[in-house]
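Colleague: I am new to this structure and would like to go through it with you. Shall we take it one question at a time?

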Amino acid sequence: MRRRDFITVVAGVAVVWPLGVRAQTPTGKIYRLGILQPGKPPEPLVDDLRERLKELGYREGRNIAYEYRWAEGIPDRLVELAKELVDLKVDVITTLATPAALAAKNVTKTVPIVFMGVGDPIGAAVVPSLSHPGGNVTGISVLGTELSGKRLEILKEIVPNAAPVAMFWNDTNPGMVLRAREAQNAADRLDLNLQSIGVHDLISFDSAFATINSKQFNALLTLVDPFTREHRQRIIDFAAKRRLPAIYEAREFVDAGGLVSYGPNLSALQRRAADYVSMIFKGAKPGDIPVEQPTKFELIINLKTAKELGLTIPPTVLERADQLIDN
């Protein structure tokens, strides 16, 4: 097994903020953190957030209280749930993915908002600037749009005859619209036939699977948002049954049996979002905290899945891998 960090220079300003400062609160002060989630529990990323806040000295019942609101896969509920958190007078609202960030932003101009999982914060109109977000919103971007070309390049290295490639994505998520467009632009630059297949509920999954079964696709690209992430096993099992080499944006898919992923570590980004929450608890203004973008990206390959697909991963790809899974 060989590991190597993929480092890239990204737009925006990276600012180093102190990570190890313990929570210091006024006597009797209990911060209230609103957690707005598009999915349903359990959610490992919420656990990551709480764990990091605990490391920073926040203890539930002593100096922090959590207010959870779960949309349970129904995006139209997010605005209503965000209003509930505002009415509860929480000190900060944290969100996951673009729809939740926009819902919170649209219902309050005063309660600080820390987002995670937004691929293009400027393009999605979550913030006007990365270095100076202003207002009451800041957070951690997953740099989703800029990485599409790299994923397709990796896919072509592994499967030279990859085209045509099917692209699964949530076509009801405004952030994913931008990412899908960038993926298509990247495919055009690579002279790769990429066909878009939107999924947003279980019925659309059946339709998407039927479309792939009726045509000759040679590979699969899955764009990751809370919906596709929640149903990752369904996608992975279909790819295995159809014997489609597939690349994903998050390692959770490879851990569950997918072939390969390339992207930032979502757990690490969520923990970084917890640092932002702590900074705001201590008095920092969200508009003064630059939106942070990842600079490390992981290439994870499941060798067991490759063997089951009859694929030989090129040595040039293997040597760049951060982790090889073979069990």
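This is a predicted model: local features need pLDDT of at least 70, side-chain atom pairs count only at pLDDT 80 or more; totals for chains, interfaces and linings use all residues.

Colleague: How far apart are the end C-alpha atoms of helix H6?

Modeller: Helix H6 has 13 residues, and at 1.5 Å a residue these should span 18 Å.

Colleague: Which residues of H6 are buried, and how wide an arc do they cover around the axis?

Modeller: The buried residues of H6 are Ser204, Phe205, Ala208, Phe209 and Ile212. They lie on the same side of H6, because around the axis they cover an arc of only 140 degrees.

Colleague: Which exposed residues does the face of H6 turned away from its buried side carry, and which helices are included in what covers the buried residues?

Modeller: The face turned away from the buried side of H6 carries the exposed residues Ile203 and Ser214. The cover over the buried residues of H6 includes strand E7 (165–169) and strand E8 (194–198). It also includes two helices, H7 (226–230) and H8 (232–242).

Colleague: Where are the buried residues of helix H2 placed around its axis, on what arc?

Modeller: In helix H2, residues 78–87, the buried residues are Leu78, Leu81, Ala82 and Leu85. An α-helix has 3.6 residues a turn, so residues three or four places apart point the same way. The buried residues of H2 line one face of the helix, because they fall within an arc of 100 degrees.

Colleague: Which helix do the buried residues of H2 pack against?

Modeller: Their partners include the strands E2 (31–37), E3 (64–70) and E4 (92–96). The helix against which the buried residues of H2 pack is H3 (98–107).

Colleague: What is the radius of gyration of the chain?

Modeller: The chain holds 12 helices and 13 strands. For 327 residues the globule rule gives 20 Å, and the chain is close to this, so it is as compact as a globular protein of that length. The radius of gyration of the chain is 20 Å.

Colleague: Is serine 148 buried or exposed?

Modeller: Serine 148 lies in helix H4, residues 148–158. Leaving out residues up to four places away in sequence, serine 148 touches Arg179, Glu182, Ala183 and Ala186. Its relative accessible area is 2%, and the cut-off is under 20%, so serine 148 is buried.

Colleague: Is aspartate 326 buried or exposed?

Modeller: Aspartate 326 is in the segment after strand E13 (323–325). Leaving out residues up to four places away in sequence, aspartate 326 touches Leu303 and Lys304. Its relative accessibility is 56%, and the cut-off is over 50%, so aspartate 326 counts as exposed.

Colleague: What distance separates the C-alpha atoms of aspartate 326 and lysine 307?

Modeller: Aspartate 326 and lysine 307 are 19 residues apart along the chain. In the model, the separation of their C-alpha atoms is 9.6 Å.

Definitions and conventions. Residues are numbered from 1 along each chain as its sequence is written. Side-chain values use heavy atoms; hydrogens and water are left out. Helices (H or I, at least four residues) and strands (E, at least two) are DSSP runs, numbered from the N terminus. The expected span of a helix is 1.5 Å times one less than its number of residues. Buried means under 20% relative accessible area, exposed over 50%, partly exposed in between (1.4 Å probe, protein chains only). The arc is that of the directions from the helix axis to the C-beta atoms. Contact means heavy atoms within 4.5 Å. The radius of gyration is taken over C-alpha atoms; the globule rule is 2.2 Å times the number of residues to the power 0.38.
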